[in-house]
Amino acid sequence: MHPEIARLLDQAEQRYLQTNELELFRRYAVSLARRMETYEILRDKEEQIFQPVADRLVAAFPDERQDLLERALKHWLLISRYCGTAMLLSDPDFLALRLNDWMTGFVQTHQTQSIERTLYDLLLQGIKAELSDKHFPLIQPLFEKAKAMLLEETKPQ
């Protein structure tokens, strides 16, 4: 549940919500429905999104080791799922916590920044192609946050 909604319900435990509080709750409910639609699209079209990304990644790095490309794809598959869950929860901290748990430093350690950056760009193009204008803005900031955490903090020296 959105942290602000949870706080609001905690505060209103012994009283009715005020009109402005109900309006906030109403906006949350509308937003939740749209986030659920977006999550379902991402879930249902995961293979449809990732297969062209994988094909284009292999074409972009024809001389790269196959295991490195597959590892990068697996990273972003998992990151996509984390982004979807963070969007559903309306909690960007969920994403940050998951990425800090296992990804920070991983990209730099394996020297795959170039592959990961290209994969990110291809993936965002694929997601944008599958989502409508009302769904894409819900997930885009989370992918940008993941990119910032994983790639901008690990720029090659």
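**Figure 1. Secondary structure of the predicted model, with eight helices and zero strands.** Helices (DSSP runs of H or I, at least four residues) and strands (E, at least two) are numbered from the N terminus, and the order of elements from that end is α-α-α-α-α-α-α-α. The C-alpha trace spans about 65 × 30 × 20 Å along its principal axes. This is a predicted model, in which local features need pLDDT of at least 70 and side-chain atom pairs count only at pLDDT 80 or more, while totals for chains, interfaces and linings use all residues. Residues are numbered from 1 along each chain as its sequence is written, and side-chain values use heavy atoms, with hydrogens and water left out.

**Figure 2. The aromatic pair of W76 and Y120.** The whole structure holds three aromatic pairs, defined for rings of Phe, Tyr and Trp (its six-membered ring) with centres within 6.5 Å, and called stacked if the planes are under 30 degrees apart, edge-to-face if over 60 and tilted for the rest. W76 and Y120 form a tilted pair, 5.6 Å centre to centre and with 55 degrees between the planes. This pair links distant parts of the chain, with W76 in helix α4 (residues 66-89) and Y120 in helix α7 (residues 113-130), 44 residues apart. W76 is buried at a relative accessible area of 0%, and Y120 is likewise counted as buried, at 4%.

**Figure 3. The aromatic pair of Y82 and F94.** These two rings are edge-to-face, with 6.4 Å from centre to centre and 80 degrees between the planes. Y82 lies in helix α4 and F94 in helix α5 (residues 92-102), 12 residues apart, and both Y82 and F94 are buried.

**Figure 4. The largest nonpolar core, with the surroundings of F143.** This core of 37 residues is a set of buried Ala, Val, Leu, Ile, Met, Phe, Trp, Tyr and Cys residues joined through side-chain atoms within 4.5 Å. W76, L123, I127, I139 and F143 have the most contacts inside the core. Two or more residues each come from α3 (46-60), α4, α5, α7 and α8 (136-152), with the largest share, 10 residues, given by α4. Not counting residues up to four places away in sequence, F143 touches W76, S80, C83, Y120, L123, L124 and I127.

Technical notes:
Buried < 20%, exposed > 50% of the residue type's maximum accessible area, 1.4 Å probe, protein only. Contact = heavy atoms within 4.5 Å.
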